Amino acid sequence: MATRQRPGDERDDGAGAPAPSSRFVTADVSLVDAREEVSTTVGAPAGAQSDADTAVVRRQPGETSAARAAPAAGGAPGSVDAGVGRFGLRLKFNAALIFTFAAGLGLATWLSDRMLRDNARQEVLQEARIMMESALSARAYTAEHVKPLLEGQLNERFLPETVSAYAATKIFLSLRSRFPDYTYKEASMDPRNPANRASDWEADLIGEFRNHRDRRELVVVRNTPTGQMLHLARPLVVSDKGCLSCHSTAERAPATMIEKYGATSAFGWQLDDVVAAQVVTVPMSVPLARAHDALTTFMVLLAGVFLLVLALLNVLLHFFVIKPVVRMAALATDVSMGRDGVADYVLRGHDEIASLSRSFHRMRVSLEKAMAMLDE
Ligand code: HEC
């Protein structure tokens, strides 16, 4: 049997009592401890223990339980919450959750923003590709169907409607009346039509296509005064000998065309030269604004769900953990100080707190039995 004794301690008569049942083994251990010191520390955070937090009941050998029942000096009755300072479970719990959520929200915002922007870009790029293909269709249609019909007119007057570059550009000009920020341009360093003169960055694109003949496409996003623009560029290569009738030398070119456009620009081309860049421009502001809206909605929803979960967890924490624990701590204090008429607190259920309340209750019963035996 466990009988721990401090040097100098004398055993009470009750201690060596008749062989106890298994239930009394517990009681007997409590008994020895109870003789030495009954110490209850309630919810004291490390280092923050005050006198009020600790109710210590020491028994001198021979002392009766009646004497013990008097509250010890420094023991503050019912001061259970005194030890639960500002850093209670609730605060720790909430701080950890809020920190995790803030970090999660930051990461989610960053990732979603990237994803949504990327989607917006893909969407705009797809639009630009469709525009580019329709420009190529307009070019092909003009070359195949319009030019042969009007070729006979070439000697009398020059009809630019027969020129693919002209047709494609004109068709997109009418599109601009409805979508002002959408443009199509056949940018050239030495254009026949001055409207096709390449700007600095377009000239760079042409240079890039000339230096890297395997490049089929370039995508550039630029910030302009009217917002962010996506430019899709493709090289225009002299792939047909027919082009050279108007673009090789002024002598070979139709006189009516020279009359209209002059004999200085857009000559000297050779087969396979990169002579221009087709540049389609699509504004990104609308899809980007949509992406921003989606991001905001998504984040507000996420924050809303989090606040709901946080509120629910706080309610659960209060009713299933904090409240019962505070009750049990108060009970343990009262019992340890030998107060009479302390109400039982036994929770039903199968969770850990209910199990703890039952254990507490068992311990209380054992302690009281042991005390009763001591007093006999
Ligand atoms: C019948 C003469 C003629 C033929 C053939 C011709 N072009 Fe042109 N090209 C022109 C004229 C005229 C313009 C200016 C049109 C305008 O006013 O926009 C032009 C403009 C262009 C432009 C726009 C840049 C600039 O100089 O203004 C490109 C690019 C171009 N042509 C490429 C070609 C290619 C490639 C071919 C062969 C598939 C070709 N052209 C065949 C007469 C011709």
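## Exercises on a predicted model

Helix 4 gives four residues to the shell around the ligand, the largest share. Helices and strands here are DSSP runs (H or I, at least four residues, for helices; E, at least two, for strands), numbered from the N terminus. Residue numbers start from 1 along each chain as its sequence is written. The model is predicted, so local features need pLDDT of at least 70 and side-chain atom pairs count only at pLDDT 80 or more, while totals for chains, interfaces and linings use all residues.

**Exercise 1.** Find which residues come nearest to the ligand, and sort the shell by class.

*Step 1.* A residue is near a molecule if its C-beta atom, placed from the backbone, lies within 6 Å of it. The ligand has 26 residues around it, and Ala165, Arg192, Asn193, Cys243 and Cys246 come nearest.

*Step 2.* Now look at the elements: helix 4 (164–178), helix 6 (244–247), helix 7 (255–261) and strand 6 (274–283) each supply at least two shell residues.

*Step 3.* Sorted by class, the shell has 14 nonpolar, nine polar and three charged residues. Ala, Val, Leu, Ile, Met, Phe, Trp, Tyr, Cys and Pro count as nonpolar, Asp, Glu, Lys and Arg as charged, and the others, Gly among them, as polar.

**Exercise 2.** Trace how strand 5 pairs with strand 4 and strand 6.

*Step 1.* Two strands pair if DSSP finds at least two bridges between them. Strand 4 (residues 218–224) runs antiparallel to strand 5, with seven bridges joining them. Two residues lie between these strands, which form a hairpin.

*Step 2.* On its other pairing, strand 5 meets strand 6 in the antiparallel sense over nine bridges.

*Step 3.* Follow His231 in strand 5: Val220 stands opposite this residue, and in strand 6 the bridge partner of His231 is Thr281.

**Exercise 3.** Decide whether Gly88 is buried, partly exposed or exposed.

*Step 1.* Locate Gly88 in the loop between helix 2 (65–69) and helix 3.

*Step 2.* Recall the cut-offs: a residue is buried if 20 or more other C-beta atoms, placed from the backbone, lie within 10 Å of its own, exposed if 12 or fewer, and partly exposed in between.

*Step 3.* Gly88 counts as partly exposed because it has 16 C-beta neighbours inside 10 Å.
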